[in-house]
Amino acid sequence: DNKVRIWNTDTNDCRELVGHEDYVQSIAYSHDGITLVSASLDRTCRLWNVANGSVLRIFRGATYGIWCVVFSLDGYTFATSGSDHVNRIWHVCTGSCLKEFRGTSVAENYLFGDALAYSPDGTVIACGCFTVSVWLNNGAMTTLKIGILDVSTGECVR
């Protein structure tokens, strides 16, 4: 139903954040807990005010759905990864895309994430990608590939 839900476990109240036009795939809280960012198959990310549920900014630029989002430790940027096989770094305050990472050699000439994580010092991002290797009678056998991307250059360092 394209919504983000925030549950209060003490009161069992639920706040719905409405605005995405397709499934929400991932959310990440800022480290101060004041905002969260959601990533959707509608090709956008939205920055939300957690206290009142308002949209602070909409981030556009992905050409296909966004699968994963993670905040940097300083809270000024976040990273996304999606079906267009591009990892992006976004600036929270300006809404601009600061960097696009394409064409690493880790996962068949691309590395986009089903999982993302910043290193503690914020200099690299770990990016995990599932690839379908073989279709078996009982389903697909998958392989997880992990790459480490340098945030400043976009190079795959491992």
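Which side chain meets that of glutamate 16 in a salt bridge? In this predicted model, the partner of glutamate 16 is lysine 3, with an N to O distance of 3.2 Å. The pair links distant parts of the chain, 13 residues apart: lysine 3 belongs to the segment before strand 1 (4-7), and glutamate 16 to strand 2 (residues 14-17). Glutamate 16 is partly exposed at 39% relative accessibility, and lysine 3 is likewise partly exposed, at 28%. Both residues take part in a network of salt bridges together with Asp1 and Arg5. The count of salt bridges comes to five.

Glutamate 100, in contrast, is partly exposed at 39%.

Cysteine 156 is located in the segment after strand 13 (139-150). Its relative accessible area of 26% makes cysteine 156 partly exposed. A C-alpha separation of 9.3 Å was computed between cysteine 156 and phenylalanine 101, residues that are 55 positions apart along the chain.

The average pLDDT of the protein chain is 85, and 83% of the residues score at least 70. Residues 105-111 fall below 50, although this stretch has 21 contacts in the model beyond near neighbours in sequence. Where pLDDT is low, predicted coordinates should not be read in detail.

Note on methods
Residues are numbered from 1 along each chain as its sequence is written. This is a predicted model: local features need pLDDT of at least 70, side-chain atom pairs count only at pLDDT 80 or more; totals for chains, interfaces and linings use all residues. Side-chain values use heavy atoms; hydrogens and water are left out. Helices (H or I, at least four residues) and strands (E, at least two) are DSSP runs, numbered from the N terminus. Buried means under 20% relative accessible area, exposed over 50%, partly exposed in between (1.4 Å probe, protein chains only). pLDDT is the predictor's confidence in each residue, from 0 to 100. Contact means heavy atoms within 4.5 Å. A salt bridge is a side-chain nitrogen of Lys or Arg within 4 Å of a carboxyl oxygen of Asp or Glu.
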